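Student: I have a structure on my screen and would like to learn how to read it. Could you take me through it, one feature at a time?

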Amino acid sequence: MPAVIDPANLYSETTSSKLSPAVAGSLERVYVPNRSSNTVSVIDPATLQVIDTFKVGIHPQHVVPSWDLKTLWVANNAEGRTDGSLTPIDPKTGKPGPNIPVDDPYNLYWSPDGKYAIVVAEAYKRLDFRDPRTMKLEFSLPTPECAGINHADFSIDGKFAIFTCEFGGSVTKIDMVNRKVMATILVHRDFDKPAEMEKIRKQIAQLSPKHGGHQHGAIRGMPAMPQDIRAAPNGKTFYVADMVADGVHIVELEPFRQIGYIPTGVGSHGLYPSRDGKSLYVANRGSNFIRGVPRGPGGVAVIDFASRKVVANWPIPGGGSPDMGNVSADGKWLWLSGRYDNVVYRFDTTTGAVDKVKVGREPHGLTVWPQPGRYSLGHTGNLR
């Protein structure tokens, strides 16, 4: 892994002035995977217009920058089917290449040294480590206690990863050096109440699906459904969005335990640090269920990393369903998909004002490109 520049701020190399030479010539675009349309919409951020739409694989979930920042990969997991794939996009032309068959790529990450692509095979409770260019399978790591494994972030030294378990109400810690699962812990608003946590543990054991994929639909009565996860600037604590808890859990890496909870809004889902590394934007999807409805009470909450408090709330006039996305290179805009409203939102990060762009059906993990940073760890642009 490239050397850590600032041990106090792992986002020090993702400020607006630090675009890598690797992204020179990349078009300024927003790439939006439309899950139910099996397409990607391409937005010109200068005009707020969709300038291209192209077909990809079945059920595109996220657009993921490669570790070397030279390719954008569309993860098409074909949920409930066996014809998943990855579609490469050349960011210098904005055009896709041929699909590469891959089992259940719900999400995609990269080992911090760039040696492996990590395909999150959610339905199989498994991480598949693949060649980052050909996507040939090298080896797999089972995660049997992590039902609905989907989002991840890495320790500041790259030695550990924490993955969220959406249908297990938990997070799992993985030793990236020795390639093994270290521990899995429940997360909940009542984390500091042992008697309540024991009840929750039994409840989740009854409700958690055997195989963990999205084909199980909305699981009624789940007391916790962790979604996105992001490291604090110091790399010692992690913030975990929970769309049932309507807030964000704080998890300590060592010892591995939950140490806090911050209420943020209905259906807390996506997490994105500001370009200066001082704030965390929380996309609240406006629903506690996997299959939400249009015009819910969605919006964005802004957490101050230093105080661990919500310092601003940006509602969407008329309601909405903000899901996944990222921040523009200059830090002025937060782009999020409107999962159940078939739009993309652009939030002004100074005022919280919202613009909307119509896209395909059920937009999900969009990425903004280019973004500053030296290398990508995956998802919609977790750069370091």
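Student: How many bridges join strand E18 to strand E19?

Tutor: A word on the source before I answer: this is a predicted model, where local features need pLDDT of at least 70, side-chain atom pairs count only at pLDDT 80 or more, and totals for chains, interfaces and linings use all residues. Residues are numbered from 1 along each chain as its sequence is written, and side-chain values use heavy atoms, leaving out hydrogens and water. Strands (E, at least two residues) and helices (H or I, at least four) are DSSP runs numbered from the N terminus, and two strands pair if DSSP finds at least two bridges between them. Here, six bridges join strand E18 (residues 237-242) to strand E19 (residues 247-252), and the two run antiparallel. Tyr239, for instance, has Ile250 in E19 as its bridge partner.

Student: In which order do the strands of that sheet lie?

Tutor: The order is E17-E18-E19-E20, an open sheet of four strands with antiparallel pairing. Strand E17 (226-231) and strand E20 (257-263) are the edges, each pairing on one side only.

Student: What about the sheet that holds E11?

Tutor: That open sheet runs E9-E10-E11-E12, with antiparallel pairing. Its edge strands are E9 (107-110) and E12 (137-142). Five bridges join E11 (residues 126-130) to E12, and Phe129 has Phe139 as its bridge partner in E12.

Student: How many helices and strands are in the chain?

Tutor: The chain has one helix and 29 strands.

Student: Is Arg384 buried or exposed?

Tutor: Buried means under 20% relative accessible area, exposed over 50%, and partly exposed in between (1.4 Å probe, protein chains only). Arg384 has a relative accessible area of 3%, so this residue is buried. Arg384 is found in the segment after strand E29 (367-369), and its side chain reaches the backbone oxygen of Phe154 at 3.1 Å. Across the chain, 63% of the 384 residues count as buried.

Student: Which residues lie nearest the centre of the largest pocket?

Tutor: Rolling a probe the size of a water molecule over the atoms shows where empty space is left. A pocket, on a 1 Å grid over the protein atoms alone, is an open set of points where a 1.4 Å probe fits, with protein on both sides within 12 Å along at least five of seven lines; lining residues have an atom within 4 Å of a point. In this model, 16 residues line the largest pocket, and Glu145, Gly168, Ile204, Ala205 and Ser208 lie nearest its centre. Strand E16 (180-186) and helix H1 (194-207) are the elements that give two or more residues to that lining.

Conventions
A polar contact is a pair of N or O atoms within 3.5 Å; within protein, one must be able to donate a hydrogen and the other to accept it, and residues adjacent in sequence count only if both atoms are side-chain atoms.
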